[in-house]
Amino acid sequence: MSNSERPNQLFRNLNAKIASIPMILTALVVFVGGTAWTVLYSFTNSKLLPRLNFVGLDQYHRLWSTSRWLVSIENLLIYGAISLVFSLVIGFLLAALLDQKIRFEDTFRTIFLYPFALSFIVTGLVWQWLLNPDFGVQRVVRDLGWTSFSFDPLYDSSIVIYGISIAALWQGTGLIMCLMLAGLRGIDEDIWKAARVDGIPAWKTYLFIIIPMMRPVFITTLVIIAAGIVKVYDLVVAQTSGGPGIASEVPAKYVYDYMFFAQNLGQGFAASTMMLLSVVIVIVPWAYLEFGGKKHG
Amino acid sequence: MRYKFLTATFAATVAALNFAGPAAATDLEVTHWWTSGGEAAAVAELAKAFDATGNHWVDGAIAGSGGTARPIMISRITGGDPMGATQFNHGRQAEELVQAGLMRDLTDIATKGKWTEVVRPKSLLDSCTIDGKIYCVPVNIHSWQWLWLSSEAFQKAGVPMPKDWNEFVAAAPALEKAGIIPLAVGGQPWQASGAFDVLLAAVGGTDAFLNVYKDKDAKFAAGPEIAKVFKAADDARKMAKNTNVQDWNQATNLVITGKAGGQIMGDWAQGEFQVAGKTAGKDYNCLPGLGLNEVIATGGDAFYFPLLKDADKSKAQEVLAETLLDPKTQVAFNLKKGSLPVRGDVDLNTANDCMKKGLAILAKGAVIPWTDQLLSQDSQKQKEDLFSEFFAKPDMTLEDAQKRFADIIASAD
């Protein structure tokens, strides 16, 4: 800059700033504003229409004494743990296997990724049929001769959430595999060569060299999986509608049902605020570690 | 050539616009959730009657059940895009829309048409009335209190057709032995909840029903009389444990095909028997009030009219309101729908045995209000959650269930 006077900071990159105004407004009004509005109204007794009639923590008190909400939370934890662990492990294993310079890699990749092209609704319907004891897997095995074979997770309250997790894994693992594969391909060939020269076995190379190097990919993957877990709704609706009884209910479904079917906005808002809170509890320490640490390093 | 084609298209468009314009009658969009075979046929009767008045019925059917359709309807009304008229179950579903001033006051039309005299039973119009003003037109009476029994299933099991709930429970082991599910209860939450309400009115009696749902007496709901009802619900739960279907009509189909002994379901189930070509009294039997307490609840459907700015459409709303209560429309509609008419002065000779039983009970005046009229949607939903859990979880104790039921009643509004 030849001019000795310092230009006004506000007018630097003016075009870019003007261009981003709509997005800033959207973020502020829609996301932040909508969130604040929801939290505010969760302290009211709004029914069908939002009304500012404050009742303190009554909605939260009722929420945490409702057995359906407690079941939903428990299901979300089980579902979350399963999809997190298994989609990462299976996704990485598949990617590592595909990375062995095998033949027909493209074909396999396409096959594994295909389920991801289906929506959760379709996935849910497909697996509802597959797991139906009268038409699906159980029937096929019984017809083959094992007449006492029993496999009907969707009709057994104690294991129904695992039946839903199977469908979710089938649908989502392909994408995780692709992300992992991209990460593996991003690792320099020389690293492998160096490891081989040093005589390090392949599994050790993966575990102690490659995976730590793939940290950014893992973080992206983690965020994608976690977002999918918290918002799970359509899969449950398509597979079981929350049944048998309330055994496969999830928080997002509670929010929707109470806001629209039960015409009780206050209760729905309280539940969605709790969902937000749980996300915040997970995100904030992570963001602090991730971004707070960089300043010093 | 292309120029010519464009001109022709343009001319055709103009012609079409003119045709649909001022010369035609007023279009009125009517939303409802009547989409199954019998229901669609019944709606067609309403549309025919309305079109005959020189207006035009624009059908806005929303597939799914009321649970799916109502949020859509409500968000259209609150979002400023109201339809001409819409179905709700009369009762408290549209209460807040009325209180917010979004619905049209029909009192003038009602006075002109002397609705207070023709509509029977009177409680129907009461549930359309808020602060002394009438906001909806009831079109039919649907009652939940029916036990549908399959003749084939009982023949196969070698036991006589039961005459009431107690005999039915006693016959359950024989049915099970023959490989028949004694009682079909689908997985949808409202089915379990409705079945319990029916048991409450039948086993507990009318007074117990009103004590709990009308007076919301939580102490009574926790007491010994309701414990008896829970005992009956426990029987029902055991009898229904092998039903692996979701939708109510799939459950009805189990009864039609003799795979299940019976089903507690509203009179809309009758449409399914009719479509399957079954005869009342021969292929299937019906026990109103489960044979214990012959009452009929006056739930049902009604039309509400959102407040519109357009004068022509408002005029058409008035015409539609009158048409819906017209004796001829009432007969044509209700025969197709399998429900009972809201007027006492119409002739229903062609009704079948089960409908006639219902009409006789109605004539005796043995009616009770239904939970749609007594409880808010919020309390209804909590009840659904409780009973769908109760029916699906055999290890849930009766005491626990009853305690939670009493809690819901205590906080009900």
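Biologist: How is chain B divided?
Modeller: This is a predicted model. In it, chain B has domain 1, made of 26-142 + 298-362, and domain 2, made of 146-297 + 375-411.

Biologist: How far apart do the C-alpha centres of domain 1 and domain 2 of chain B lie?
Modeller: Those two centres are 28 Å apart.

Biologist: And how many residues of the two domains are in contact?
Modeller: In chain B, 16 residues of domain 1 are in contact with 17 residues of domain 2. On the domain 1 side, α2 (37-51) and α18 (353-364) of chain B each supply at least two residues. α18(B) gives the most to that side, with 6 residues.

Biologist: How do the residues on that side of domain 1 of chain B divide into nonpolar, polar and charged?
Modeller: There are 3 nonpolar, 10 polar and 3 charged residues on the side of domain 1 of chain B that touches domain 2 of chain B.

Biologist: Now the two chains. How many residues of chain B are in contact with chain A?
Modeller: 19 residues of chain B are in contact with 21 residues of chain A. On the chain B side, α3 (66-78), α4 (95-99) and α20 (377-392) each supply at least two residues.

Biologist: Which gives the most to that side of chain B?
Modeller: α20(B), with 8 residues. The side of chain B that touches chain A divides into 6 nonpolar, 7 polar and 6 charged residues.

Biologist: What follows α12(A)?
Modeller: A:Gln263 follows α12(A), and the phi of A:Gln263 is positive, near 50°.

Technical notes:
Residues are numbered from 1 along each chain as its sequence is written. Chains are lettered from A and ligands numbered from 1 in the order in which they are written. This is a predicted model: local features need pLDDT of at least 70, side-chain atom pairs count only at pLDDT 80 or more; totals for chains, interfaces and linings use all residues. Two residues are in contact if their C-beta atoms, placed from the backbone, lie within 7 Å. Helices (H or I, at least four residues) and strands (E, at least two) are DSSP runs, numbered from the N terminus. Ala, Val, Leu, Ile, Met, Phe, Trp, Tyr, Cys and Pro count as nonpolar, Asp, Glu, Lys and Arg as charged, and the others, Gly among them, as polar. Domain bounds come from an automatic or database domain assignment.
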